[in-house]
Amino acid sequence: MRVVSGIQPTGNLHLGNYLGAIRNWVRMQDEMGEGEQCLFFLADLHAISMPHDPAELRRATLEMAAALVACGIDPSRSVLFNQAQVPAHPELQWLLNGTARMGWLNRMTQFKDKSGKNREGASAALFTYPVLQAADVLLYQATHVPVGEDQKQHLELARDIAQKFNNDFASEDAPVFTLPDPISPPKAARIMNLRDGTKKMSKSDPSEMSRIELADSPDDVMKKIKKAKTDPEPLPSEEKGLEGRPEALNLVTIYAALTDASVEDVLKDFGGEGFGKFKPALGELLVETLRPISERFTALLDDREALDAILARGASQAREIGRPTLEAAYTALGLIR
């Protein structure tokens, strides 16, 4: 079993990032058996398909690497790297562009969503980045790829490209590419804005009080939780009592996610209590959970040499793992090296 997954580098990482994608990656790593492997990469090449600030991309890539290690990704057990240090990703994308079909790419809903009404003004990279996604996983003979609902279509495209390439340029008993299967990660907690429970927690919100950031001090965490928007009613004893109370539901959801409990379980303990009791309990739980992450995260950000070494070592491993597949693709296409 070889699992490959990528994440776009975004700055100002917050609780939603941790309880959403990152914690699932750590659990996946910890569940790997003998001879099994996880490759996790920062999708910095994908980031340039949209308008971006180069300095911000560089900063966000390092910040994401630090966050992943701080949250539990172990570079000695998993391969952690950024795409830009492994030229085989865009190389293989170009080779696969000959197999991918315009009709397939035209059906990709994410291009339509991200380009909006200005499709003619979108970059060619935005149109073809599903082929780079295919290269990202096919390069390493991935057997499994964690996908949410929004990425299922892209994994299906990767399988179609791999199948057509194998049919056109390889024999049945010696295919060039493995067709990866999807893994549905455990349902991640949907963490909402602390000031508006109808919106997702986001780094783009202008109010810092709307989110818990991984670098927040214990005092900041407590202050943000105590000032989080709520309502005057006490917590109910059953989940249906949270209907129409998005801010209350959000705080209970955060507590449940941190303790690996259900919302119902949390309400058994706190049903009938007011937020005067619940908020301090949630704040203390967050502080204890995030303290070691925050300390490691801050230390890594201050040690650029260590971060560079982690990414360089991971990239070297990734290049070695991917080299045979890239060579096989060149050979299958009749290209002289």
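Trainee: Is D260 buried or exposed?

Mentor: This is a predicted model. In it, D260 has 54% relative accessibility. The cut-off for exposed is over 50%, so D260 counts as exposed. D260 is placed in the loop between helix 10 (246–258) and helix 11 (263–270).

Trainee: What is the phi of D260?

Mentor: Start with the general idea. Most residues other than glycine have a negative phi. D260 has a positive value, near 55°, and is a residue other than glycine.

Trainee: Which loop holds Q141, and what is its phi?

Mentor: Q141 is in the loop between helix 7 (124–138) and strand 4 (144–146). Its phi is positive, about 50°, though Q141 is not a glycine. Q141 has a relative accessible area of 22%, so it is partly exposed.

Trainee: Next, aromatic rings. How many aromatic pairs does a search of the whole structure find?

Mentor: The search gives 10 aromatic pairs. A ring pair is described by the distance of the centres and the angle of the planes. Take F165 and F169: the centres are 5.1 Å apart and the planes at 55°, so this pair is tilted. Tilted covers the range between stacked, under 30 degrees, and edge-to-face, over 60.

Trainee: Why are F165 and F169 separated by about one helical turn?

Mentor: Because they are four residues apart in helix 8 (residues 152–169). F165, at 0%, counts as buried. F169, at 36%, counts as partly exposed.

Trainee: Which residues do ring pairs link into a cluster?

Mentor: Y255, F270, F275 and F278. There is also a charge over a ring: the charged end of R337 sits over Y330, 3.7 Å from the ring centre.

Trainee: Which residues touch the most other members of the largest nonpolar core?

Mentor: General idea: in soluble globular proteins, nonpolar side chains tend to be buried together. Here the largest core has 61 residues, and L15, L68, I254, F278, L282 and L286 touch the most other members. Helix 12 (residues 275–301) gives the most to this core, 10 residues. Leaving aside neighbours within four places in sequence, L282 contacts I225, L251, I254, Y255 and L258. Another core, of 43 residues, lies apart from the largest one; L39, V86, F127 and V176 are among its members.

Trainee: What is the volume of the second largest pocket?

Mentor: Rolling a probe the size of a water molecule over the atoms shows where empty space is left. For the second largest pocket, the volume is about 230 Å³. Its lining has 16 residues, with Q8, P9, A47, H52 and L57 nearest the centre. Helix 2 (44–47) and helix 3 (54–71) each give two or more residues to that lining. Helix 3 has the largest share, three residues.

Definitions and conventions:
Residues are numbered from 1 along each chain as its sequence is written. This is a predicted model: local features need pLDDT of at least 70, side-chain atom pairs count only at pLDDT 80 or more; totals for chains, interfaces and linings use all residues. Side-chain values use heavy atoms; hydrogens and water are left out. Rings of Phe, Tyr and Trp (its six-membered ring) pair if their centres lie within 6.5 Å; planes under 30 degrees apart count as stacked, over 60 as edge-to-face and the rest as tilted. Buried means under 20% relative accessible area, exposed over 50%, partly exposed in between (1.4 Å probe, protein chains only). A charge sits over a ring if NZ of Lys or CZ of Arg is within 6 Å of the ring centre and within 35 degrees of the ring normal. A nonpolar core is a set of buried Ala, Val, Leu, Ile, Met, Phe, Trp, Tyr and Cys residues joined through side-chain atoms within 4.5 Å. Contact means heavy atoms within 4.5 Å. On a 1 Å grid over the protein atoms alone, a cavity is a set of points where a 1.4 Å probe fits but cannot get out, and a pocket is an open set with protein on both sides within 12 Å along at least five of seven lines; lining residues have an atom within 4 Å of a point. Grid points are joined across faces, edges and corners, and a volume is the space filled by probe spheres set on the points.
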